[in-house]
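These are my notebook entries on one structure. I looked up a few places in turn and wrote down what I found there.

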Amino acid sequence: MSKQWSRSLRVVVGIASAAVVAGSLSACGNSSDSNGDTVYFGVSGPKSGASAEYGRLWQQGFDLAIDQVNAAGGINGKKVALKWEDSQSDPKQTVPIATKFVGDNSIIAELGDFSSPASIAASPVYNRGKLVQYGFTNSSTEFTKGGEYSWSPSITLDTFQDRNTQWVQSKAKKVSVVYLETDWGKEAFKYFQQFAQQRGIEIAYSSSILPDSQDFRPVLIKGRDANPDAFVHLGYGPDGALVVKQLRDVGYNGQFFGGQNTPQFIQLAGAAAEGDIVNGVFSPSDTNPKVQDFVTKFRAKYNTDPGDFNVYAYDAINVLVQAAKSGGATREGVLKGLREVKNFSGIGLGDSFAFNQQTRRPDGVKPIELLLKNGAFVPTGSK
Amino acid sequence: MFDTLIAGLVHGNAYALIAVGITLIFGVTNVINFAHGAIFAFGSVLGWWLIAQHGAPLWAAIIVVVGVTALVGVGIDVLAVRPLRRAPAISALLATVAAGLIIENVVALIFGPETRPFPEVLSTNNFRVGGVRFGTSDVVMFAITISVMVGLWAFLRFGRYGLAIRATAQDPDAAAQMGISVGRIQSLAFAIASGLGGLAGIFVGLYNSNISPTSGSIVGMTGFVAATIGGLGSIPGAVLGGIVLGLVEAFGIYTFGDGYRDLITFGLLVVFLVLRPGGLLARPPAIESEPLTGTFLGSGRLLRVRWWHALIAFAIAGLVIPAVSNDYGISVGTQILAYAIIAVSMTLVAGSAGQLAIGQAGPIAIGAYTSAVLTVSHGWAFLPAIIAAGIVAAVVSSVLAAPLWRLGGHYVAIATLGIGIVTVALIRNWESVTRGSYGIFGIPPPELFGFEFVTHTQIFQLELVVLAITLAVILGMQRSRLGTAIRAIGADEVAARSAGVPVRDYKALAFAIAAFFSGIGGSLLAHQYSYIDPTVFNLPMSLLVVTILVLGGTASPYGAVLGAVVLIGAPEALRLAPELRIVLYGLVLLLVVRFRPQGILVRRERVRVTA
């Protein structure tokens, strides 16, 4: 009897303590910094998983910007630091992270996440918690509709594809297109189709490609057989590199539009991508002294050229710091700053811009045409 | 057309090399090695490191990579698989999942996560037939596949150790009695298979021209499909299966586009399992015993949990946790509960009926999408939508799974995995209703009779009630006559059939009930996330459900709840060490499976039952 009893007791204690442990898992991880000398930006971004590469590029941009901000006295004397949470850019994980950030009073604004769905899933939490969610790579037109706390400097996909078709039009009348089978890729293709029709570009063949595919030859063979004047890829760097290399393998040597303005894409694609045209916000060969200063410092710190994603991250910190300097180093201060400051500046976003208060995105920022020449993206000067 | 043929052959050849490794390990140890993809990726990254970073010549890189990956393979066997030889086969499978996670993330930590160009040590497009180019690398790879196949065949046919491998594959116990060191033979099989995986890593890296530490999972799954199509356990079958899969994929993708790739690959798997379960070369049924069944029940006795124990636990969970925990803890709690609901219902299938299903992301996705589409596009209220979610999940899953019940143990498990992936692929491609890859935004929070469950605490308490209902239903069923019949099937299917129990019908019924609650769980997840897209319902989700089940003890509903607490709580608790999070999670999983293979809430029998 007593043995039976002690066993039952152990079960009860076991279940109860497991439940309590689960409930208070985080209580320890949530000690907010109360000394007030440092303010934090929460970063929800990929550090592991398929998008980890972008998290690494962000980190470089963030670190450089934060070093400079703190060297220049921080935000009204307060130091700036980051609190990273690895989300794997997975919509399932961004929600608990958002809850954690909202509950941590030392955090005055959030940066990320990488993909629009991951950000959009967390938007309700940030908006209810009144914490600015600065989705600086979220080009989906849906993202900033999440609420008055969801902001993004990212150029929206419609603008991107409007410009993209403009470049395509000057080289081709008939194209084959591959695009990523993700919300981003499909939305990009939708706008591409729309603007291609307006500009009289015929889409001879199109297919989506799955993000985890490695061998695109069957699709590329069919696209090649449609006899296009140019081949268009709407996606990211690694898949763009595979597409352009395999395109050359199946014997297509015509004009390629695609890939991404990152050193990684250039390195992965190698000679196959020579002559490639992309949309970008930034080129290391830009002669603007402010840009050259940034490029020099970036090279000194990381021994490599910066790409778009380094610039996005670098600019994101600077914009939020500017906003906090103006509105105050608090959550409401950041929001106030984003609303009121009219002369934000950045490397990729131009020297002076303000946010449109309806869309919570900057107006009038346009991507530029970049041509891959001798292993570097250079601006063509097209307007 | 001819180009596509060449492209398919070249790619199929790569699948074949991987499938040979998977099929060899399966033949000898009866374990589906989910770490094989990670080994492949490790081989390709190591090859890159040696050649691109240290200027090693190709032949030296091949020798080192094959040697190192073979050692890693032995490590997996010794640390993860062999200690579980007497445990249910599913434990060893989960141990390989854990080992794969650890290898993949350690490789990413050491070498960096980024995709890199693989050096072009052999020309990849110097030949031209028709419009398509291929290179010396492809010819060399093809020659290697052929020689590997012939070599392995000769080794198995004539070699002393080959004979031992075959004997072990046929009957490990008899082999042991004949003086064969079964453990060493298993390690040998792991060494050969993993070395081949590493070799494949180099050549596929060369063929794709880019490599990354995370490329393994998709390659591993595809290799596994190829092995199954060829006939699990048959080496010529694996080669043939790889080439057939390569060709079908190439022509399928050529015709329909790459967006249909997973539908084509896993659709082919399901079609094969239904029409020709033994694969192309193996005679069905290739596997006589059903290693994934029965053994669960023999290995231990459930700890008893009385109703008032549960009541106390629920009272604590419902009242104390919201009081002591912060918002973040509660949001983790809501995830735990949603998975607990799913896992509890699965105990009826996996535990009672002894039939493991590893594609539960399918029914979960059906439930989530039904509920989301009905509330967002058709303005339904939450309550009818969640009930509809359960019903649709149960009906659709039952229809899809209907042809499976005449198959045996392993094959059903594999087929459910395929069906799970096919279901999600169908959802993605049925864009007019499901919005496909765009995902569904703005799913309203749960609402009952005008009350909206907005905060995490409210959702937590709602889910706690649903979990209590689920537990009551499942426990009630286990104790009813129906439960006895289902348990009889799990204990001994042949005996149950002889006693007049309609085995197939009961299995299908148990599966339908589990799918109903999985649909409910999926609906709760959808309303809690407010956003879903097809990538949410991926293979890791299915594996998570299985892991929760096994951890709790497959037949124990309370154990399933505890399993959900541990397995969803652990990665969140490990956020303290963000860089090592997934590696540590893999270690925790490995240790738990290693030391409690029979489940947390199951007591080991004092007299060891040797299966």
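**Entry 1**

I began with F449(B), which is found in the loop between β6 (447-448) and β7 (451-452) of chain B. The model is a predicted one, where local features need pLDDT of at least 70, side-chain atom pairs count only at pLDDT 80 or more, and totals for chains, interfaces and linings use all residues. Residues are numbered from 1 along each chain as its sequence is written, chains are lettered from A and ligands numbered from 1 in the order in which they are written, and side-chain values use heavy atoms, with hydrogens and water left out.

I noted that phi of F449(B) is near 45°, a positive value in a residue other than glycine. Most residues other than glycine have a negative phi, and most peptide bonds are trans. F449(B) has a relative accessible area of 78%, so I put it down as exposed. The cut-offs are under 20% relative accessible area for buried, over 50% for exposed and in between for partly exposed, with a 1.4 Å probe and protein chains only.

I then looked up S89(A), in the loop between β2 (79-86) and α3 (91-103) of chain A. Phi of S89(A) is near 50°, again a positive value in a residue other than glycine. S89(A) has a relative accessible area of 11% and is therefore buried.

Which two residues does a cis peptide bond join? I found G112(A) and D113(A), with omega about 10°. D113(A) lies in the loop between β3 (107-112) and α4 (116-129) of chain A.

**Entry 2: helices α1 and α8 of chain B**

I checked how α1(B) and α8(B) pack: the angle is about 165° and the axes are 8 Å apart. Axes are lines fitted to C-alpha atoms, for helices over the stretch in contact, and angles run from 0 to 180 degrees between N-to-C directions. That angle makes α1(B) roughly antiparallel to α8(B).

The residues of the contact of α1(B) with α8(B) divide into 18 nonpolar, four polar and no charged. Nonpolar covers Ala, Val, Leu, Ile, Met, Phe, Trp, Tyr, Cys and Pro, charged covers Asp, Glu, Lys and Arg, and the others, Gly among them, are polar.

I picked A200(B), which lies in α8 (residues 182-208) of chain B. A200(B) counts as buried because its relative accessible area is 0%. Leaving out residues up to four places away in sequence, A200(B) touches L17(B), I18(B), F40(B) and G205(B); contact means heavy atoms within 4.5 Å. The C-alpha atoms of A200(B) and S44(B) are separated by 7.8 Å, though the two are 156 residues apart along the chain.

**Entry 3: where chain A meets chain B**

I next took α7 (residues 217-225) of chain A and α10 (residues 235-256) of chain B, whose axes come within 8 Å and cross at roughly 45°. The two helices, α7(A) and α10(B), are therefore oblique to each other. On the α7(A) side I listed P218(A), V219(A), I221(A), K222(A) and D225(A), which meet A250(B), I253(B), Y254(B) and T255(B) in α10(B). These residues divide into six nonpolar, one polar and two charged.

T4(B), in helix α1 (residues 2-29) of chain B, touches I221(A), A250(B), F251(B) and Y254(B), not counting residues up to four places away in sequence. Is T4(B) buried or exposed? Its relative accessibility is 0%, so T4(B) is buried.

**Entry 4: aromatic rings**

I read that the structure holds 34 aromatic pairs over all chains. Rings of Phe, Tyr and Trp (its six-membered ring) pair if their centres lie within 6.5 Å; planes under 30 degrees apart are stacked, over 60 edge-to-face and the rest tilted. One of the pairs is F282(A) with F294(A), edge-to-face at 6.0 Å centre to centre and 80° between the planes. Both F282(A) and F294(A) are buried.

Key:
Helices (H or I, at least four residues) and strands (E, at least two) are DSSP runs, numbered from the N terminus. Angles under 35 degrees count as roughly parallel, over 145 as roughly antiparallel, 65 to 115 as roughly perpendicular and the rest as oblique.
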